[in-house]
Amino acid sequence: MDSTKETSNTYKEDLLLRMGLNDNKAGMEGLDKEKINKIIMGATKGSRFYGNELKKEKQVNQRIENMMQQKARITSQQLREAQLQVDRFAMELEHCRDLSNTIVHVDMDAFYAAVEMRDNPELKDKPIAVGSMSMLSTSNYHARRFGVRAAMPGFIAKRLCPHLIIVPLNFDKYRVVSKQVGICLAPTSICSWVSCRIRSQLQMPRQDWPEERRRYFIKTGNSAENGIAPNTMLAKVCSDKNKPNGQYQILPSRQAVMEFIKDLPIRKVRYVILRRQNFCCF
């Protein structure tokens, strides 16, 4: 009985991590996390959304349990051999490290919301989100102060912020602006990638990025963050440093890179997700 109750409590705690406030997101620093999470859980309890999220959480926990069982079967000899392989691989990577590139990661501020506010200036000083009552794609900074975020159902967002304005998605409009940004950036880069969300990565032949940044801001009427670094992953992390509408650069030297990453929270690294009680080390 106690084991079943403990498992149930674990699911609820993990579910809160999945559905609750992510105060690592720009614009959500310093919010009352406990109060917001209480509203979120109260709004979702008994809903189909809650049931689906709980089901997904149980599936994740089952996968973790399977991995923990596999870990328990690893012998000391296998672990030592794996550590040696990793050490050799790290040395190879260090030997071929290339810091000669200049990668710029451009991340438009709450892009869908920014486009909607540009086209309807009356929305600029109001909390808005883009999406539907079923799911939101983004929110502006006014809405984030209430805990409203992307990947949150609109009906929960309305409980957090009753006067929230939800604007329907308009992908045709976002693609037009995305194309404008791409055209503006293309002449300055060797190669680039742009999506309509909008994030783009550019390989720059020179260090005159601030002027290019000013140009596309004027052209599209939207602000953006830029991360500048010797590789794509670091450039993405840098783009989160000075939101909103800021810029951060890591100089192309090993010392600068190591100084930047030594205190970097692991959750800032793309594709790495920490789960509180399930994170383990060998």
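In this predicted model, glutamate 53 is buried, with a relative accessible area of 8%. The side chain of glutamate 53 meets that of lysine 56 in a salt bridge, with an N to O distance of 2.8 Å, and lysine 56 is partly exposed at 36% relative accessibility. Because glutamate 53 and lysine 56 lie three residues apart in helix α3 (residues 48–72), they are separated by about one helical turn.

This pair belongs to a wider set, since side chains of opposite charge can pair when their charged atoms come close, and a search of the whole structure finds nine salt bridges. Lysine 173 forms a salt bridge with glutamate 116, the closest N and O atoms being 3.0 Å apart; this pair links distant parts of the chain, with lysine 173 in helix α8 (residues 171–185) and glutamate 116 in helix α5 (residues 111–119), 57 residues apart. Salt bridges that share partners join Glu116, Arg118, Asp119 and Lys173 into one network, and glutamate 116 counts as buried, at 7% relative accessibility.

A further salt bridge connects glutamate 94 with arginine 254, whose closest N and O atoms are 2.5 Å apart, and it too links distant parts of the chain, 160 residues apart, from helix α4 (residues 76–95) to helix α11. Glutamate 94 is partly exposed at 32% relative accessibility, as is arginine 254 at 42%.

Helix α11 (residues 254–261) also packs with helix α10 (residues 232–239) at an angle of about 50 degrees, their axes being 12 Å apart, and therefore α10 is oblique to α11. Their crossing is left-handed, and the contact is made by Leu234, Val237 and Cys238 of α10 together with Val257, Phe260 and Ile261 of α11. By class, this contact has six nonpolar, no polar and no charged residues.

Note on methods
Residues numbered from 1 in each chain as written. Predicted model: local features only at pLDDT ≥ 70, side-chain atom pairs only at ≥ 80, totals over all residues. Heavy atoms only, no water. Axes fitted to C-alpha atoms, helices over the stretch in contact; angles between N-to-C directions. Helix = DSSP H or I, 4+ residues; strand = E, 2+ residues; numbered from the N terminus. Parallel < 35°, antiparallel > 145°, perpendicular 65-115°, else oblique. Left-handed = near helix turned anticlockwise from the far one by under 90°. Contact = heavy atoms within 4.5 Å. Nonpolar A, V, L, I, M, F, W, Y, C, P; charged D, E, K, R; others polar. Salt bridge = Lys/Arg side-chain N within 4 Å of Asp/Glu carboxyl O. Buried < 20%, exposed > 50% of the residue type's maximum accessible area, 1.4 Å probe, protein only.
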